[in-house]
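Work through the exercises below with the sequence and the 3D view side by side. Try each task on your own before you read its solution.

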Amino acid sequence: MSGTPARTADAATATEVVCLGESMVTFLPSQPGRLADVPAFSRGIGGAESNVACALAAAGHRAAWVGRVGADGFGDHLVEAIAGYGVDTSGVRRDPSRPTGIYFRTATDRAADVHEVAYYRAGSAASAMSPRTVPHASLPTARVLHLSGITAALSADCLALLHDLTAPRPGRPLISFDVNHRPGLWRGADASPAVLLDLARRSDLVFVGEDEAEEAWGLTGAEAIRAALPEPSVLVVKRGPDGATVFSRTGTGAGTETETGTGEGTDVTTTVPALHVDVVAPVGAGDAFAAGFLSATLRDLPVRDRVRHGHLMAAAVLTVSGDLTAPPARAHADALAALDDEAWGRLRLGPGWTGDDQEVRTT
């Protein structure tokens with residue numbers, strides 16, 4: 001397994017990242033409060049993998065989204081909206097007998113006790129994804145295949161597909177896996193921790209939140225997570241306001257680094273502080289972080305800069321009301337990612353910070 005995606009012979013036109021998973025139409029509340037009290041909703045799109053594809057395409061990468069939607073108006077909207085970001089949707093299939101999934105949510109943070117989500121996805125077109133309906137040979141050739149644990153929870157067929165896609169095989173792309181532990185999606189939740197741990201261990205690049213690792217696996221701290229996941233060449237542990245810690249066996253961190261031995265060799269451990277962000281809405285930040293990290297990975301940037309680009313992409317989403325937004329221009333993001341540690345620590349990002357003409361505040 002490798003932590004750096006392989007380059008193809010025709011790198012100028014080849015797909016860089018394929019993101020595979022369910023996308024749904026999401027209905028966003030017109031005001032805070034319980035679902036029972038919200039008078040109206042606006043329509044958007046939601047899905048961890050399609051969010052990553054949209055963010056990567058908006059950042060100038062050649063990204064594709066692969067999934068299944070119903071032969072209905074909601075399916076039309078999803079495909080058109082995702083393609084509107086510049087994402088290749090030619091791998092999306094329409095299911096004439098199953099609907100496109102939808103969901104409604106409140107405006108509060110997913111981690112808050114008052115947060116509500118009403119899913120209408122049982123029997124959806126996406127839940128019919130399987131090694132038969134989405135054979136790995138049908139996927140576009142790409143440097144990276146991005147997956148998440150959400151897909152594994154949709155059905156036994158979806159789980160079988162992820163096992164097939166993460167199996168070792170000649171020419172397999174770098175497998176990027178976001179654990180995305182969602183206990184409410186699992187039927188027979190006792191199985192979910194073991195399933196997600198197994199899929200993560202079969203992957204090359206893994207994203208996991210410190211909080212979800214504790215909830216799913218009872219692990220506390222980045223080092224304990226790495227001990228349970230020695231196989232991935234790159235393990236990104238997201239630590240909320242404390243930033244992120246990356247364990248990698250490729251490249252140099254160029255940040256706060258230490259070297260430790262693992263069963264697979266010597267790790268470089270890179271810790272990068274989070275940014276100070278004036279949060280407008282918290283939803284979508286994890287997907288944006290993954291997109292920023294993948295973008296910088298595709299550009300072969302040092303690990304520290306990969307994490308910083310993840311933080312910057314997340315900050316772009318955190319300072320708007322929706323799950324998706326235009327990322328900062330590459331030159332703007334590169335300039336911020338190149339700041340010294342003191343200047344990075346003094347950044348404070350608020351609404352509108354991604355514009356080239358916007359002055360970025362410092363604390």
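A residue is called buried when its relative accessible area is under 20%, exposed when that area is over 50%, and partly exposed in between, with a 1.4 Å probe and protein chains only. The model is a predicted one, in which local features need pLDDT of at least 70 and side-chain atom pairs count only at pLDDT 80 or more, while totals for chains, interfaces and linings use all residues. Residues are numbered from 1 along each chain as its sequence is written, and side-chain values use heavy atoms, with hydrogens and water left out.

**Exercise 1. Describe the open sheet that contains β17, and give the order of its strands.**

Solution. Begin with the terms: strands (E, at least two residues) and helices (H or I, at least four) are DSSP runs numbered from the N terminus, and two strands pair if DSSP finds at least two bridges between them. In general, the strands of a sheet pair through backbone hydrogen bonds, in either a parallel or an antiparallel way. Here three strands make up the open sheet, in the order β16-β17-β18, and the pairing is mixed. At the edges are β16 (276–277) and β18 (361–362), each of which pairs on one side only. Next, look at β17 (residues 347–349), which pairs with β18 in the antiparallel sense over two bridges. In β18, Thr362 is the bridge partner of Leu347.

**Exercise 2. Find the salt bridge of Arg348 and say which parts of the chain it ties together.**

Solution. A salt bridge is a side-chain nitrogen of Lys or Arg within 4 Å of a carboxyl oxygen of Asp or Glu. Arg348 meets Asp278 in such a bridge, at 2.9 Å from N to O. Because Arg348 lies in strand β17 and Asp278 in the loop between β16 and α8 (285–298), the pair ties together parts that are 70 residues apart in sequence. As for accessibility, Arg348 is partly exposed at 31%, and Asp278 is partly exposed at 23%.

**Exercise 3. How many salt bridges does the rule give, and what is the partner of Glu231?**

Solution. The count comes to 16 salt bridges. In one of them Glu231 is paired with Arg201, and their closest N and O atoms are 2.5 Å apart. Since Glu231 lies in the loop between α7 (222–228) and β12 (234–238), whereas Arg201 belongs to helix α5 (residues 192–201), this pair ties together parts that are 30 residues apart in sequence. Glu231 counts as buried at 18%, while Arg201 is partly exposed at 37%. Another salt bridge joins Arg304 to Asp305 at 2.8 Å between the closest N and O atoms, and both of these residues are buried. Finally, Arg68, Asp95 and Arg98 are linked in a network of salt bridges.

**Exercise 4. Which residues does Val117 contact, leaving aside its neighbours within four places in sequence?**

Solution. Locate Val117 in strand β8 (residues 117–120). With contact taken as heavy atoms within 4.5 Å, Val117 touches Tyr103, Phe104 and Arg105. The C-alpha atoms of Val117 and Phe104 are separated by 5.7 Å, although the two residues are 13 residues apart along the chain.

**Exercise 5. How many disulfides are found in the whole structure?**

Solution. A disulfide is a pair of cysteine sulfur atoms within 2.5 Å, and the search of the whole structure finds zero. Take Cys54 as a case: the closest cysteine sulfur, in Cys19, is 8.8 Å from its own, which is too far for a bond. Cys54 is buried, with a relative accessible area of 1%.
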